[in-house]
Amino acid sequence: MKTTARRLPVTPIALAAALLTAFLVLFAPLSASAHDSLLASSPEADGTVETLPAELTLTFSAKIIDGDGATEVVVTDPSGASVTDGAATVDGAIVTQPLTGQGPAGEYHVIWKVVSSDGHPTSGEFDFAVSTATEAVATAAPTPAPDTAEPTAAATAAPDAGITSAPQADESASASVWIWVISIAVILVVIVIVVWLAIRGRRGPAETDSDDPSER
C-alpha cells in the first residue's frame with residue numbers, strides 16, 4: 001500500500017506574509033502622522049516685517065477643531081512680554097490671534113497649540129522679526145518723584161508673559177515609535193513563520209511504500 005504525505009503550499013502563505021508586511025510598513029506610519037500641519041503664517045516664520053501687525057494668522061492643512069481651550073497662541077516680544085490682545089479665533093483652517101499692534105524692534109516668538117481635524121492636539125513654535133519699533137513715546141517731561149517715595153517691587157516687576165512655557169510636544173511622536181516597534185516585531189514573526197514552513201516543506205516525508213507482507 002502506497003501512502004503520500006501532503007505538503008502545505010508555501011507560496012500562498014508567503015504571499016500573505018508579504019502583503020501583511022507591506023501593509024504594516026506603508027500604512028502604519030501614515031496613520032501616526034495624519035495630524036494637520038501648519039502651511040503658512042502672517043507674519044511669515046523666520047521672516048521680517050516693518051512694524052508689529054494688529055493680528056497674527058496661522059493657516060493649517062485642514063479644518064481645525066474649535067472649542068474651549070482647544071486653541072492657544074502666545075506671541076512675546078524681545079523682552080519676553082506678551083503682545084497678544086485677546087483670545088484667538090478659528091475660521092475653518094485659519095487661526096487669527098489679535099496683537100497689540102505696537103512693540104519694540106527685534107525678534108518675536110510665537111507658540112501655538114491647536115486640535116487637528118483627527119481630534120489630536122498638535123503644537124509648534126517659530127520666530128519672526130520686527131525692524132521698526134512702534135511703542136508709544138511720552139512727550140511730557142516726567143514729574144520729579146517725592147524724596148520719600150520709592151518704587152515698589154510690584155511697580156518695577158516685569159509684566160507677565162502669560163504662558164511662560166511652550167506647550168507639550170505632540171504625543172503622536174511616542175505613538176509613532178510604538179507603531180514602528182510593533183510593526184517590526186510582526187514582520188520578524190512573519191518572516192520566521194515563512195522560513196519555518198519552507199524548511200518543513202522541503203524536509204517533509206517522502207513517499208513511502210508500505211506493502212503488506214505476503215503470507216506463506
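Trainee: How much accessible surface does the protein have, and what share of it belongs to carbon and sulfur atoms?

Mentor: Bearing in mind that this is a predicted model, the accessible surface comes to about 14700 Å², and 60% of that belongs to carbon and sulfur atoms.

Trainee: And what percentage of the residues count as buried?

Mentor: Of the 216 residues in the protein, 24% count as buried.

Trainee: OK, how many helices and strands are there?

Mentor: There are three helices and ten strands, and from the N terminus on they run β-α-β-β-β-β-β-β-β-β-α-α-β. Among contacts between residues at least 6 apart in sequence, 69% join residues at least 24 apart.

Trainee: Switching topic, how many salt bridges does the structure hold?

Mentor: It holds one, in which the side chains of Glu72 and Lys113 meet at 3.6 Å, N to O. Glu72 lies in strand 5 (residues 72-76) and Lys113 in strand 8 (residues 106-115), so the pair ties together parts that are 41 residues apart in sequence.

Trainee: Which residues form the nonpolar patch on the surface?

Mentor: That patch is formed by Trp180, Ile184, Leu188, Ile191, Val195 and Ile199, which together have about 550 Å² of accessible area.

Trainee: Where is Ile199 placed, and why does it count as partly exposed?

Mentor: Ile199 is in helix 3 (residues 172-202), and it counts as partly exposed because its relative accessibility is 39%, which falls between the cut-offs of 20% for buried and 50% for exposed.

Definitions and conventions
Residues are numbered from 1 along each chain as its sequence is written. This is a predicted model: local features need pLDDT of at least 70, side-chain atom pairs count only at pLDDT 80 or more; totals for chains, interfaces and linings use all residues. Side-chain values use heavy atoms; hydrogens and water are left out. Patches are made of residues with over 30% relative accessible area and no salt bridge: like charges are joined within 9 Å, nonpolar side chains (Val, Leu, Ile, Met, Phe, Trp, Tyr) within 5 Å. Accessible areas come from the Shrake-Rupley method with a 1.4 Å probe; for residues, only the protein chains shown count as cover. A salt bridge is a side-chain nitrogen of Lys or Arg within 4 Å of a carboxyl oxygen of Asp or Glu. Helices (H or I, at least four residues) and strands (E, at least two) are DSSP runs, numbered from the N terminus. Buried means under 20% relative accessible area, exposed over 50%, partly exposed in between (1.4 Å probe, protein chains only). Contact means heavy atoms within 4.5 Å.
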